[in-house]
Amino acid sequence: MSINPKIIFVTGGTVSWLGKWVVTASISKLLQSSGLKVWVLKMDPYLQVDAWTMSPYEHGECYVTKDGWETDLDLWNYERFLGISLTKDNNITTWQVYLNVIEKERAGEYLWQTVQIIPHITNEIKDRILKVAKNYDITVVEVWWTVWDIESAPFLEAIRQFKRDLWRNNVFYIHLALLLELNFSWEIKTKPIQHTIIKLREYWISADMLICRTWKDMDNKIKDKISMLCDIDKDKVIEWKNVSTIYEVPEKLREQNVGNIILDYFWFKNKTDLTWWNQKVSKIKNPKREVNILLVWKYTKFDDTYKSVLEAFIHAWASLETKVNVILLESDKIIEDKSILEKISFDWIIVPGWFWWRGVEGMIEIVKYAREHNIPFLGICLWMQVAVIEYARNVCWLKNANSSEFNKNTEHKVIDIMNEQKSIKQKWWTMRLGAYDAILSKDSFIRQLYWQDVIVERHRHRYEVNPNYHNILEQAWLQISWKSPDNRLVEFIELKENKYFVATQAHPEFNSSLESPHPLFVWLVKSCIN
């Protein structure tokens with residue numbers, strides 16, 4: 001436990017979506033590589049309780065921590081860089097902060113005080129950071145949005161106060177901003193960076209390091225100018241250009257001495273070492289072979305809606321030195337043209353989870369095609385339910401079998417909500433969220449992949465395979481290879497006669513990382529190589 005917690009705050013300016021999470025994760029990886037205990041937090045100033053109701057088109061997919069908290073995608077980004085498991089405590093939202101202050105006020109903890117943003121809200125923010133930071137050598141905190149957004153104001157004020165609470169030499173401020181290039185004159189303009197630094201100083205925060213998002217090399221002239229006008233040492237004006245894979249960013253920052261600058265600032269004698277990490281990155285950049293995956297998706301405007309699945313491919317890619325070419329197909333296209341699969345060249349099919357009925361009939365056709373043509377197939381979350389529906393209809397001859405989520409009046413509800421949940425009115429409370437144990441069948445293919453009898457995977461769903469149909473499905477040779485400890489809930493199905501036909505109710509992609517690729521994705525790629 002650290003007596004004087006050391007905290008790095010990462011803020012953003014100019015525009016959003018520059019990649020603060022990449023900076024946060026990469027710097028954390030650099031520091032972790034030196035042997036220090038490093039932890040990461042994300043502060044989200046939005047007013048939602050969590051990320052459950054937010055649009056995937058705006059925020060990417062909704063991530064689930066092991067303790068069942070639905071968060072912004074960035075928390076999984078931290079996990080896959082650092083090989084750690086985060087919890088609810090690693091995500092601080094405006095709702096959490098204000099609700100706790102209001103509950104304290106109602107309980108009489110602020111008697112005779114006027115409850116205000118300062119000090120009550122800012123103290124609550126600081127308490128939540130310190131609750132975690134005291135247990136680690138360094139804690140890196142990402143402040144969402146930009147310094148211009150009004151929602152960020154209480155959070156920026158709170159991180160300013162830390163330089164007084166912990167002393168200045170225990171706090172390090174990193175600012176990420178856009179180095180603008182005018183495409184009509186090809187000039188690089190530093191003025192936006194100057195203004196965002198000025199805005200940061202309005203909160204009495206002076207950046208210790210400035211990371212410039214740029215598409216061109218920064219020459220000495222540009223660095224000198226930024227250093228002088230922003231009052232930041234030249235060696236702490238850092239260039240961040242596009243790279244072929246985000247996993248290169250830690251090394252690009254190391255080459256500019258970022259890790260050692262921070263370690264020296266905090267008086268650590270450790271030195272960074274990314275040797276093993278860079279070996280993995282080299283395998284991504286220099287694959288020995290290629291395979292084509294057909295990814296069937298629903299939210300087609302934004303790749304980040306399936307970011308964790310796409311990254312799990314890359315983890316398998318690095319493990320097997322096999323490039324994974326992703327071919328995207330919108331599920332509704334199958335309904336419009338059932339022969340479309342014959343026109344696409346692919347080695348295997350994967351289908352990530354989603355909610356609700358749109359595109360489901362097309363999904364059923366895809367599952368049928370993969371099953372009948374013995375094409376390696378991995379279905380996630382809703383797609384396990386769809387695979388059960390397809391099997392029930394076409395193999396078990398249960399006409400019009402369906403999920404009660406899609407058709408409440410269907411004769412065969414092979415997918416249904418559990419009886420104990422049917423009386424619950426608030427949908428969130430019917431969700432199965434977080435990590436759950438599961439028992440693997442001894443003779444199952446899945447057991448061979450995991451090499452364990454009991455495994456833990458994360459969930460985010462509401463409906464289940466109806467227990468009334470378990471025997472019917474298994475008698476028709478659909479193997480239910482993984483159940484919950486009480487033997488009621490189906491977690492995995494597989495078809496032994498197929499080369500690779502697996503579907504899971506869980507989200508295995510949430511447990512994949514570069515250092516520990518998930519076996520389901522690794523073996524899926526292997527099935528295409530062999």
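1. Rings of Phe, Tyr and Trp pair if their centres lie within 6.5 Å. In this predicted model, such pairs link Trp21, Phe81, Tyr247 and Trp277 into a cluster. The count for the model comes to 19 aromatic pairs.

2. Take Phe81 and Tyr247 from that cluster. Their ring centres are 5.2 Å apart and their planes lie at 25°, so the pair is stacked. Phe81 belongs to helix H3 (residues 74-82), while Tyr247 is in the loop between strand E11 (237-240) and helix H9 (249-255). The two are 166 residues apart, and the pair links distant parts of the chain. Phe81 is buried, at 0% relative accessibility. Tyr247 is buried too, at 0%.

3. Phe445 and Tyr500 make an edge-to-face pair, 5.6 Å centre to centre with 90° between the planes. Phe445 lies in helix H16 (residues 445-450) and Tyr500 in the loop between strands E22 (490-494) and E23 (501-504), so the pair ties together parts 55 residues apart in sequence. Buried or partly exposed? Phe445 counts as partly exposed at 21% relative accessibility. Tyr500 is buried, at 1%.

4. Now the cores. The largest nonpolar core has 127 residues. Ile8, Ile27, Ile129, Ile226, Ile262, Trp348 and Ile350 have the most contacts inside it. Helix H12 (residues 307-320) gives the most to this core, with 8 residues. A second, separate core has 46 residues, including Ile366, Ala370, Phe377 and Ala503.

5. Look at Ile129. Beyond its neighbours within four places in sequence, Ile129 contacts Ile7, Phe9, Leu41, Met43, Ile92, Val141 and Phe162.

6. Charges also sit over rings. Lys37 lies over the face of Tyr136, 5.1 Å from the ring centre. Arg432 lies over the face of Tyr436, at 4.4 Å.

Conventions. Residues numbered from 1 in each chain as written. Predicted model: local features only at pLDDT ≥ 70, side-chain atom pairs only at ≥ 80, totals over all residues. Heavy atoms only, no water. Core = buried A, V, L, I, M, F, W, Y, C linked by side-chain atoms within 4.5 Å. Buried < 20%, exposed > 50% of the residue type's maximum accessible area, 1.4 Å probe, protein only. Helix = DSSP H or I, 4+ residues; strand = E, 2+ residues; numbered from the N terminus. Contact = heavy atoms within 4.5 Å. Phe/Tyr/Trp six-rings, centres within 6.5 Å; stacked < 30°, edge-to-face > 60°. Lys NZ or Arg CZ within 6 Å of the ring centre and 35° of its normal.
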